[in-house]
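Please keep the sequence and the coordinates open while reading.

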Amino acid sequence: MFYGVELRSRLLLGTARYPSPAVLERAIKASGAEVVTVSLRREGGSGRSGQSFWSFIQSLGLRVLPNTAGCHSVKEAVTTAHMARELFDTKWIKLEVIGDDDTLQPDVFGLVEAARILSEDGFEVFPYTTEDLVVADRLVEAGCKVLMPWGAPIGSARGLNNVYGLRALRAHFPDIPLVVDAGLGVPSHAAAAMELGYDAVLLNTAVAEAGDPAEMARAFALAVEAGRAAHLAQPMEPRDMAVPSTPVIGKAVLGG
Amino acid sequence: MRIFLNDDAHDVEPGTLAAALESLGFGGRKIATAVNGRFVAATARPKTALADGDRVEVVAPMQGG
């Protein structure tokens, strides 16, 4: 599904903002996720948090998708991607080039440029982008074989802000794996994305900041499965007027 | 000479990135490095000479979304 890697689970889970590593581990298991996102940050000579997190991630035996979160320039993102490739021993990179601090909206111009540089260097790029069709085209031209449009700004829990745009993107790229990344708040948002025909969803805060992260992870997993099944079952089209579901032919005539 | 490691000034013996990292407690750690904004692979650290005023970034795995 992603760069030749077949996965059973269509839910990718972030590892940040959980109350504890134990809660994170329970949430990952409950979600059924086979891919977890990770990041990298500065560590001092006496700090050990990165080392213990690395041991924890290795113990899970899952595939990791490192991100370039917080990068605002092409150069920063490209250097971070190189550090991530070495650190996590993977060609996969969730490429984020942030253009606005309030909305964490991607800088799509920098994103396309960084995606090209990294793709040419052998990376398998998962670009965090908007639902803009032309930007998506440019990303595919740059070498991306997966696209990850936002549902809404990161951590906002607003769901799918532009269903029309996401549907158009799906129709335009029938053969490119599409992942709704960011902005999901509740399982119905994930189900809606899957009903649109998206291949997967990536979420973090909605699970991490729920009152019971493991139970919310399970709820999201069920919603993703339900939405996918609904998509495959070909939903009926909405219409304006009522159509009786019970046949009227043969109805008793009782006067009145 | 003085280098800046994650913005903090450190006085180290003139030498390579690998030697500086060892002296500052990073030996054997799961880290990635950059010097003056350019990625330096682990295998290149013993061959990368540092100069006075160099800015070294050291990062480690962390939780992310």
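A:Asp89 counts as exposed, at 68% relative accessibility; here exposed means over 50% relative accessible area, buried under 20%, and partly exposed in between, with a 1.4 Å probe and protein chains only. The residue sits in the loop between α3 and β4 (92–95) of chain A. Helices (H or I, at least four residues) and strands (E, at least two) are DSSP runs, numbered from the N terminus.

This is a predicted model, in which local features need pLDDT of at least 70 and side-chain atom pairs count only at pLDDT 80 or more, while totals for chains, interfaces and linings use all residues. Residues are numbered from 1 along each chain as its sequence is written, chains are lettered from A and ligands numbered from 1 in the order in which they are written, and side-chain values use heavy atoms, with hydrogens and water left out.

Helix α3 of chain A covers residues 74–88 and contains A:Arg85. A:Arg85 is partly exposed, with a relative accessible area of 24%. Not counting residues up to four places away in sequence, A:Arg85 touches A:Thr90, A:Lys91, A:Asp121, A:Gly122 and A:Phe123, where contact means heavy atoms within 4.5 Å. A:Gly99 is 14 residues from A:Arg85 along the chain, and the two C-alpha atoms are separated by 23 Å.

Another helix of chain A, α1 (residues 21–31), holds A:Ala22. A:Ala22 has a relative accessible area of 40% and is partly exposed. Between A:Ala22 and A:Asn67 there are 22 Å in space, C-alpha to C-alpha, and the two are 45 residues apart in sequence.

Is A:Ser39 buried or exposed? A:Ser39 is buried, at a relative accessible area of 3%. Apart from neighbours within four places in sequence, A:Ser39 is in contact with A:Asn67, A:Ala69 and A:Phe88 in chain A, and with B:Ala60, B:Pro61, B:Met62, B:Gln63 and B:Gly64 in chain B. The side chains of A:Ser39 and A:Arg41 make a polar contact at 3.4 Å. A polar contact is a pair of N or O atoms within 3.5 Å; within protein, one must be able to donate a hydrogen and the other to accept it, and residues adjacent in sequence count only if both atoms are side-chain atoms.

Chain A as a whole has nine helices and eight strands. Its C-alpha atoms fill a box of roughly 90 × 40 × 35 Å along the principal axes. Of the 256 residues in chain A, 54% are buried. Among contacts in chain A with a separation of 6 or more, 66% come from residues 24 or more positions apart.

Chain B has one helix and five strands, arranged along the sequence as β-β-α-β-β-β. The C-alpha trace of chain B spans about 40 × 25 × 20 Å along its principal axes. For 65 residues, a compact globule would have a radius of gyration near 11 Å, and the 11 Å of chain B agrees with this; the radius is taken over C-alpha atoms, and the globule rule is 2.2 Å times the number of residues to the power 0.38. Buried residues make up 38% of chain B. Residues 24 or more positions apart account for 53% of the chain B contacts with a separation of 6 or more.

Two asparagines in loops of chain B can be taken in turn. B:Asn36 lies in the loop between β3 (32–35) and β4 (38–40). B:Asn36 is partly exposed, with a relative accessible area of 41%, and its phi is near 50°, a positive value in a residue other than glycine.

B:Asn6 is found in the loop between β1 (2–5) and β2 (8–11) of chain B. B:Asn6 is buried, with a relative accessible area of 9%. Which residues does B:Asn6 contact, leaving aside neighbours within four places in sequence? They are A:Arg42 and A:Glu43 from chain A, and B:Val56, B:Glu57 and B:Val58 from chain B. A polar atom of the B:Asn6 side chain lies 2.9 Å from the backbone nitrogen of B:Val58. The backbone oxygen of A:Glu43 lies 3.4 Å from a polar atom of the B:Asn6 side chain.
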